Structure formats: C-alpha cells, structure tokens
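Subject: A structure for you to look at

Hello,

Here is the structure I promised to pass on to you. Please open it next to this message, and then read on for what was found in it.

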Amino acid sequence: MTSNAYRQHPAPTGQFVDGSLRPVPAATSADALVWFPLAEENGERVWEGLAAASEGDGWFVVRAVPLFAYDLNFGDRVTAVASADGALVATGIVEDGGNFTFRVALHEGGVALREVVEQFGSLGCLIEGWSESLLGLGCPPSLAQPVAELLHEAEARGDLRYETGRQWSR
C-alpha cells in the first residue's frame with residue numbers, strides 16, 4: 001500500500017514592496033486549497049497543496065507559486081474535484097495564466113535568502129517561501145528571460161542553483 005506525503009505551502013505568496021515582503025492580495029483572498037499529485041518518492045505518493053481561488057463548477061485559479069509541481073504557474077486555471085475525504089484534487093490545467101516559475105535553491109557559502117528576495121522581488125517577481133534554502137519566483141512573460149539570465153549568471157558564480165518550472169510549452 002502506498003502512503004501519502006503532503007507539502008502544503010507555509011505562507012501566502014509575497015511581493016516585495018517598499019523594502020519588505022508583503023502578501024499578494026490575490027493570494028490572501030484565495031478560498032481553496034487544491035492538491036496536485038507529484039512523482040512518488042520512496043514508495044510515497046507526494047502531493048503539493050496550493051492556494052487557489054474558486055470560480056465555481058470545479059474551476060480554480062492558482063494563487064501560489066508552485067515549488068514542486070512542474071508546468072503549473074501562479075494564475076493558471078485548473079479543474080479539481082473533491083476526493084473521498086473532501087480534499088480538492090486537481091484534475092487538469094485548463095488555461096495557462098501566462099506566468100513563469102523558477103525554483104531557487106540556496107546553499108552555504110552562496111547568496112543569502114534576503115538578497116534573492118530583494119533582487120528578484122524588486123524586479124517584480126512574486127516570492128514563494130518554502131524554507132531558508134528553497135524559494136519560488138513567479139514572474140510575467142516580460143520578466144521571464146531577464147530573470148532566467150540573472151539566475152543563470154548567479155548559478156555560474158556558484159551563488160545558487162535554479163530550475164524553471166516549465167518543462168514544456170503550452
């Protein structure tokens with residue numbers, strides 16, 4: 001029998017405003033938690049829980065920057081159904097919200113978390129914190145290439161590691 005592991009985000013998605021990280025209004029007004037299935041790890045089915053805004057009839061808009069699910073971004077419209085225990089489980093992505101996701105992994109001797117938040121938050125990226133060493137960045141298409149280039153340069157210097165959340169183009 002496969003057991004389950006659940007990864008629910010600890011705080012709402014933030015934006016960098018006037019020198020501090022503040023919750024994004026769209027994230028704080030989310031009224032649902034939708035669970036997305038991830039790949040199994042060590043015999044466990046893993047799920048990522050993301051804040052979402054319900055639109056009725058089983059449709060939801062993602063209001064978090066995914067840290068583990070691929071090809072899913074802040075603002076995407078998804079469908080979900082209630083499971084036997086009442087939890088909402090995603091059944092599909094029905095509309096691309098147009099945003100991009102980057103995951104940033106920090107390490108000892110590299111750049112500090114605060115520096116990443118300030119640099120990319122000042123550019124206009126949404127910030128999704130997971131831990132002191134892992135965060136997600138959400139950005140509109142106009143910022144995707146500049147953010148990717150800055151992250152690539154930082155990785156080349158050994159400051160951090162990153163990956164994009166998009167594995168295929170919609």
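How many residues lie between S7 and S8 in their hairpin? There are five, and Gly86 in that turn has a positive phi of about 95 degrees.

What you have is a predicted model, in which local features need pLDDT of at least 70 and side-chain atom pairs count only at pLDDT 80 or more, while totals for chains, interfaces and linings use all residues. Residues are numbered from 1 along each chain as its sequence is written, and side-chain values use heavy atoms, with hydrogens and water left out.

**Confidence and overall form**

The mean pLDDT of the chain (the predictor's confidence in each residue, from 0 to 100) is 93, and 96% of the residues score at least 70. Confidence is lowest in strand S1 (residues 3-8), with a mean of 85, and highest in S6, at 98. Keep in mind that where pLDDT is low, the predicted coordinates should not be read in detail.

The chain has three helices and 12 strands. Both kinds of element are DSSP runs numbered from the N terminus: helices are H or I with at least four residues, and strands are E with at least two. With a radius of gyration of 16 Å, close to the 15 Å that the globule rule gives for 170 residues, the chain is as compact as a globular protein of that length. (This radius is taken over C-alpha atoms, and the rule is 2.2 Å times the number of residues to the power 0.38.) Along the principal axes, the C-alpha atoms fill a box of roughly 50 × 35 × 30 Å. Of the 170 residues, 42% are buried; buried means under 20% relative accessible area, exposed over 50%, and partly exposed in between, with a 1.4 Å probe and protein chains only.

Strands S2 and S3 pair in the antiparallel sense over four bridges; two strands pair if DSSP finds at least two bridges between them. Phe16 has Leu21 in S3 as its bridge partner.

In a regular strand the side chains alternate between the two faces of the sheet.

Most residues other than glycine have a negative phi. Asp18 is exposed, at a relative accessible area of 71%.

S6 (residues 59-62) and S7 (residues 77-82) are antiparallel partners joined by three bridges, with Val61 opposite Arg77. The loop between S6 and S7 holds Asp71, another residue other than glycine with a positive phi, here near 60 degrees. Asp71 counts as buried, at 8% relative accessibility. Tyr70 sits in the loop between S6 and S7 too, and is partly exposed at 35%. Although Tyr70 and Arg166 are 96 residues apart in sequence, their C-alpha atoms are 5.9 Å apart in space.

S7 runs antiparallel to S8 (residues 88-95), with six bridges joining them.

**The largest pocket**

Rolling a probe the size of a water molecule over the atoms shows where empty space is left. A pocket is an open set of points on a 1 Å grid over the protein atoms alone, where a 1.4 Å probe fits, with protein on both sides within 12 Å along at least five of seven lines; its lining residues have an atom within 4 Å of a point.

The largest pocket holds about 210 Å³ of space, a volume filled by probe spheres set on the points, which are joined across faces, edges and corners. Which residues lie nearest its centre? They are Ala11, Leu21, Ile127, Glu128 and Gly129, from a lining of 17 residues. Strand S3 (20-23), helix H2 (113-123) and strand S10 (126-129) each supply at least two residues of that lining. By class, the lining has 10 nonpolar, four polar and three charged residues. Here Ala, Val, Leu, Ile, Met, Phe, Trp, Tyr, Cys and Pro count as nonpolar, Asp, Glu, Lys and Arg as charged, and the others, Gly among them, as polar.

Enjoy exploring it!

Best wishes
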